[in-house]
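Please open the model in your viewer and keep the selection tool at hand. The tour moves from one stop to the next, and at each stop it says what to select and what is there.

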Amino acid sequence: MDFVKIRGKDLQDCIMQMKMKYGPEAHLYDQRVITEGGLFGTGLMAQRMYEIDVGVPEKQNSKERIERKLKDLKELIKQKQRTESLPESGLVGIGSNQSLSLAGSPTHSSYTARKKNIESVRPFSERKRRQGQSVYEIESFEERPVGLSLAEAKESFLEPKIESPSKQKEKHPHIQKLIDRLLREGFSESYLEEMAVTLEQRLSAVDLTRYANVTDKAVTYLEERIQVDSDLFSGTPRGKRKVVFFVGPTGSGKTTSIAKLAAKYSLHMGKKVSLYTTDNYRIAAIDQLKFYADAMGLPFYAAKDLRKWKEAILRDGSELILVDTAGYSHRKSENLEKLQEFYEVFGEKDHIETILVLSSTVSKDNALAVTNAYESVGYQRILLTKLDEAEFLGSVVELADTIHREFAFLSVGQDVPFDILNATKKILAECVIFPEKLKGIAGEVFEKTV
Ligand SMILES: Nc1nc2c(ncn2[C@@H]2O[C@H](COP(=O)(O)OP(=O)(O)O)[C@@H](O)[C@H]2O)c(=O)[nH]1
Ligand SMILES: [Mg+2]
């Protein structure tokens, strides 16, 4: 246990500083009122202040420790990336222990294991070609979905982009200019029609003379439509453990996003976090998350079988459980039913939520197929990934609005753990109206927010 003194203007101020600096495990040991300054040592006009003694457990994540850990983590990840980009003969495994042992010649068995790893991270189509057999992995949604029943609300989302000017009243050229552009960028006509009507109501004739006024008002309009909630504990009753399942197609960014959130909630916010994966049939999938878990010193469990998984969960004393899942296909609904078995393991003291991980680079109908396919698992929030690679955000923003879902987080690059942002109405609305902002989007540096 380390002891430190903190001074502040009152007790509350001191406690706040203690929490900010040393996290939830720091304890208040003693408190006193002190006087500071004063004329000629007389105490006259001295300032009354509070001072507290704080006990900080050594394992506690002080700011310095967090910074050091994050640095280590970044270094490990860099090493891993270098390793992955080596030619096959020089490759080392992706598992955390293996990735640390860069030097030395590999034994035959570790070489075979590595080959296996390499094989499983190859693109699905390539592997299929090489092996000439089917693989029990589901590829990301590249094909157009078949047989999906689209809810009525979603029909407008996929409506053909045919203008029917006869129906619509002529718009101000600046509004028309924006609407035409947004139509090309993935919005549906009916959504834009509603936006145009609102903009016309809100902008005076003088306002309309400047195009910038139209775009600014469009941002405000979208901010009203977009729903966000970026607190993983949101809605969790006091005393309950939060369990978040991340679902979505393979390659959408589930595992890396989980690693980023684990760093944010554990290293940065001092929560007890553990990581699980239900993806038990792909070695690379297990190793990828295990690597991050090890780097951050977090418990990690892969679902070898349901019974063992259940045991681990019952013993688990963490506040937040993040669950990685395999990319299930809407064409294989039995896989989603399988996921149900994992949900059932959790009990009354758990508050379970599912978050859909959706890439912002997928096509409009692809995004719709994904949101539709995962509807049966009951998600309310979306973690939107790959904003740094997206051209436009219009279609996903409209889709979320149409199906009444909230955005939770925005993944903005490959840099674990930094490239993730809390979803805000402002960022999303601005990126829709000014898509050039997507190019410069960058992750948050934790230190800034401590
Ligand atoms: N550019 C970019 N790449 C990302 C982002 N999120 C994930 N990726 C990359 O997408 C690939 C698939 O990510 P992964 O987390 O393994 O996806 P999963 O299959 O859903 O678990 C990896 O190469 C990631 O580095 C992002 O926000 N931006
Ligand atoms: Mg994964």
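Begin by selecting strand 7, where Leu 320, Leu 322 and Asp 324 point one way while Ile 321 and Val 323 point the other way, and all of them are buried; buried here means that 20 or more other C-beta atoms, placed from the backbone, lie within 10 Å of the residue's own. Strands (E, at least two residues) and helices (H or I, at least four) are DSSP runs numbered from the N terminus. In a regular strand the side chains alternate between the two faces of the sheet.

Before going on, note that this is a predicted model, in which local features need pLDDT of at least 70 and side-chain atom pairs count only at pLDDT 80 or more, while totals for chains, interfaces and linings use all residues. Residues are numbered from 1 along each chain as its sequence is written, and chains are lettered from A and ligands numbered from 1 in the order in which they are written.

Strand 4 (residues 241-247) runs parallel to strand 7 and is joined to it by 5 bridges, with Phe 245 having Val 323 as its bridge partner. Strand 5 (residues 273-277) also pairs with strand 7 in the parallel sense, over 5 bridges, and here Val 273 has Leu 320 as its partner.

Now select ligand 1: which residues come nearest to it? Of the 19 residues around ligand 1, these are Gly 253, Lys 254, Thr 255, Thr 256 and Ser 411, where a residue counts as near if its C-beta atom, placed from the backbone, lies within 6 Å. Helix 10 (residues 254-268) gives the most to this shell, with 3 residues.

Move on to the open sheet of 3 strands, which has the order 1-3-2 and antiparallel pairing. Strand 1 (2-8) and strand 2 (27-36) stand at its edges, each with a single partner strand, so one side of each is left without a neighbour in the sheet. Strand 2 is joined to strand 3 (residues 47-56) by 9 bridges, and Arg 32 has Glu 51 in strand 3 as its bridge partner.

Finally, select helix 14 and helix 15, where Lys 364, Ala 367, Leu 368 and Thr 371 of helix 14 meet Ser 395, Val 396 and Leu 399 of helix 15; residues are in contact if their C-beta atoms, placed from the backbone, lie within 7 Å.

Notes:
Buried ≥ 20, exposed ≤ 12 C-beta atoms within 10 Å, placed from the backbone. Pairing = 2+ DSSP bridges. Contact = placed C-beta atoms within 7 Å.
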